[in-house]
Amino acid sequence: MTVAAAAPSTPVAARFSPNWISAQLQRYVLHIVVIGLTVAWMAPTVGLLVSSFRPFALTKTSGWWSALTPFQFTIQNYTDVLEQSNLGQAFFNSFMIAVPATVLPVSIGAFAAYSFAWMKFPGRNWIFLALVGLLAVPLQLTFVPVLTFYVNTLHWTTDNLEATGIPGLPWLPVWLAHAGYGLPFSIYLLANFFRGLPSDLFESAEIDGAGTLTVFFRIILPLSVPALASLVIFQFLWVWNDLLVALIYVGGAPEVAPMTVNLANLTTSLGQGSNLLTAAAFFSMIIPLIVFLSLQRYFVRGILAGSVKG
Amino acid sequence: MSSVTYDHVVKRYTADVTVVKDLNVDIKDKEFMVLVGPSGCGKSTALRMLAGLESITEGEIRIGERVVNNVAAKDRDIAMVFQSYALYPHMSVYDNMAFPLQMQHMKKDEMDRRVKNASKILGLDPFLKRKPRALSGGQRQRVALGRAIVRSPKVFLLDEPLSNLDAKLRGQTRIELQKLHRELETTFIYVTHDQVEAMTMGDRIAIMNGGILQQVGTPGEVYDHPANLFVAGFIGTPTMNFVPVTTSDSTAKASGFEAKLPKSVAAGKGTLGFRPEALTDRPSADGSNLQMKVDVVERLGSDQYLYGQVGSDQVTARVDPRMKVAPGDTAQLGLDTRSIHLFDAESEAAFF
C-alpha cells in the first residue's frame, strides 16, 4: 500500500538530485547555443531586409539596428530596382539556366548511379573512385580549358549561339558546364542511396520479368524520391546562387545574364546603387527560399539516407 | 507443374570457395521438397541457381525436360517468395500482385481476375488498396505468396518465408502453406534452416551440410534412418544422444552402460546414437539399462526431459511426465534398442 501511495509523485530529493540539475543545465546550454547560432546567422539577412525598406539617405547615416528611431520605412528601393534594372529579364534568365542545369546532372547522375550501384562491369570500383576524386578538383581549374574548347573549337560564343535563333541555345554552354560540375556529387549521393536499397527487391523484380530499365523507372526512382529531392535542392540552389560559372560561360549581356550577374552589375552600372542592391538581393532570395521550404522535409531525410550508409 | 532436376550441380565462387558440391536431386512434379541445413550449407545458393539469380558453375539444372542453365530468370516460369518478402514498398497490395502480370503484358481483365482470385485464396481482399507498410508481418507474407500465385508458375520457390514471423503465426502459416500446396498442385521447393518446418511440411527433405547433400528422404525416413551422424544430429529436438562406444560382435560398450545391438558388427570404435524418447522409465527386455545422474529436469506437461550424466557422457531422456524424478537423483532408465543407431567413428556414416 505504501508503495502505491508513494509512486505517483517523484520524491523531492530525486527532483533536485545532481543528475536532474545537470540534465536541466545541459538543456539550457543547448538551447542557448542553438538560439545564439540562429541569431548570429540571421543577423545579416535581417539587416539586409531592414535596410532594403529604409530610405537611402538614412542607410548612409545610421545602421539598420537603429531603424526604429526615426521610424521611417519605404518601398522606394523595390520600385526603383524594378524600374531601373533589368530585373525581370534576369529573373527569367536565372530560371532558364537553373532548371536545365539541375535536371541534367540529376537525371544523368541517376542513370550512372544505378549502374555503379547495381550493375557489374569491369573496373566499376576504380571508375567510381575516380569520379568521387573529381569532387576534390576546384572548378576554377577547368575554366580556361573548357572555355577555350567552347570558343576556339566549337565556336560557342553567345553571339554565335544567338545568331542561330534557337531559343535557349545561348545557355547551352553553361548548362553543360553545370551538369559537369554537378555530376560527381550527384552520382556519389545517388549511388550510395541506391546501394542501400534491398537487393531482394531487384531480384524479385527480375524474376517477375522486369528488365533493367523497368527496374530503374518502376522500382528505383519511386523509392528514391527523398534522395532525388535533396539533390535537386542542392543543385538548384548552387546554380541559382552561382555567379562565377555564369559570368564565365554566359557573360554579362543583359538578354542572357542571370540574376547574380545582374546584381553584381547593379553597383557599378548605377554608381552608388547600394540601396538597390539590398532590394534586388531580396528578390533573388525568394526562389531559393520557396524551393527549400517546400522540399525541406525531403532534404533532411535525403541527406541522411544517402550518406549514413557509406 | 513440373519436375526439377539438379544434375551434378556445382557452385564455385573462386577456385577454393565452393558452396555447392556435386548436387544431385530429383524433385518430382507437384512435390513439396524442403532443402534444409545450417546457415552457410549452400541450400539458398542451390535455390538461387534454380531461380536464375546465381550462375551455375558446373552441371545442369532442368525444369521439366528443359535445361535452364542459360535461361533468364524471368523466362524460367518460376515464382519466388523471399525471406524479406521483397514487396515493392511504393505500390499497393493490388499493384504488388499485379506487377509480374503487367510485366507479361497481360490483358487487364485477365490480370484483374487472377489478382482477385489470389487475394481471395489468401484472404487479402480487405487490404488490396493498402501499401505494404500498413500491413502486419503475416499479411505481408501473404502478399508475397499472392504475387507468386498470380503467375501460376511451374515451380514455387520459397526462401525461408516464415523466419520473420512470430512463433504462433509461423505455426499457422505452416499449415496454410501446406493447404496452398494441395490446392495449387504445383511443385514447391522450400528452403529453411528450421528442421521442424522441414519435418512438418516436406513431402521429402533434402538435408545439406557444407555444400554437400547428406540425405534425401521423407520426414519419416530421415528421422528413423539417418544416413550419417550429421543428419541424425540435425533432425529432431531435443537432439539425438551420441555416445562413443567400443563394439564387439553385438554389444556396444559405452562409458556408463552396455547396449545390445540389433545386428552384429565388426569389433572397433564407433558412435552410438539414440533419441531421447528411446529411453524409458521401464527396464529394457534385453538388459540395455543405464543409470543417469540427473542434473536438470524440464517438465513440459506432455513430456518430461531429463538432462544428466551416464558414465562420463551427457545424455538427454524424454520420459513419461508421471515419472517422479528430481535434480540430483539417479534415474534407472531402459534403452529401447530397436531404435538405436551406430555410426562409423571415422566416416560418420550410419551402420544402421
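**Chains, domains and a sheet**

Guide: Chain A comes to 16 helices and zero strands, where helices (H or I, at least four residues) and strands (E, at least two) are DSSP runs numbered from the N terminus. This is a predicted model, so to speak of local features we need pLDDT of at least 70, side-chain atom pairs count only at pLDDT 80 or more, and totals for chains, interfaces and linings use all residues. Residues are numbered from 1 along each chain as its sequence is written, with chains lettered from A and ligands numbered from 1 in the order in which they are written.

Visitor: What percentage of chain A counts as buried?
Guide: Of its 310 residues, 29%. Buried is 20 or more other C-beta atoms within 10 Å of a residue's own, exposed is 12 or fewer, and partly exposed is in between, with C-beta atoms placed from the backbone.

Visitor: Which domains does chain A have?
Guide: The assignment gives domain 1 (12-74) and domain 2 (78-307); such bounds come from an automatic or database domain assignment. Taken over C-alpha atoms, the centres of domain 1 and domain 2 of chain A are separated by 34 Å.

Visitor: And how many residues of each domain are in that contact?
Guide: Six from domain 1 of chain A and five from domain 2 of chain A. Contact here is C-beta atoms, placed from the backbone, within 7 Å. On the domain 1 side, helix H3 (18-52) and helix H4 (56-61) of chain A each give two or more residues, and H3(A) gives the most, with four residues.

Visitor: OK, switching over. How many residues does chain A have in contact with chain B?
Guide: 13, against 17 residues of chain B. On the chain A side, helix H11 (199-208) and helix H12 (212-223) give two or more residues, and the largest share, seven residues, comes from H11(A).

Visitor: What about the sheet, in what order do the strands of chain B go?
Guide: S13-S17-S14-S15-S16, an open sheet of five strands with antiparallel pairing. Pairing takes at least two DSSP bridges between two strands. The edges are strand S13 (279-280) and strand S16 (313-319) of chain B, each pairing on one side only.

Visitor: How many bridges join S15 to S16 in chain B?
Guide: Seven, with strand S15 (residues 304-310) running antiparallel to S16(B).

Visitor: And what stands opposite Gln309(B)?
Guide: That's Gln314(B), in S16(B).

Note on methods: Two residues are in contact if their C-beta atoms, placed from the backbone, lie within 7 Å.
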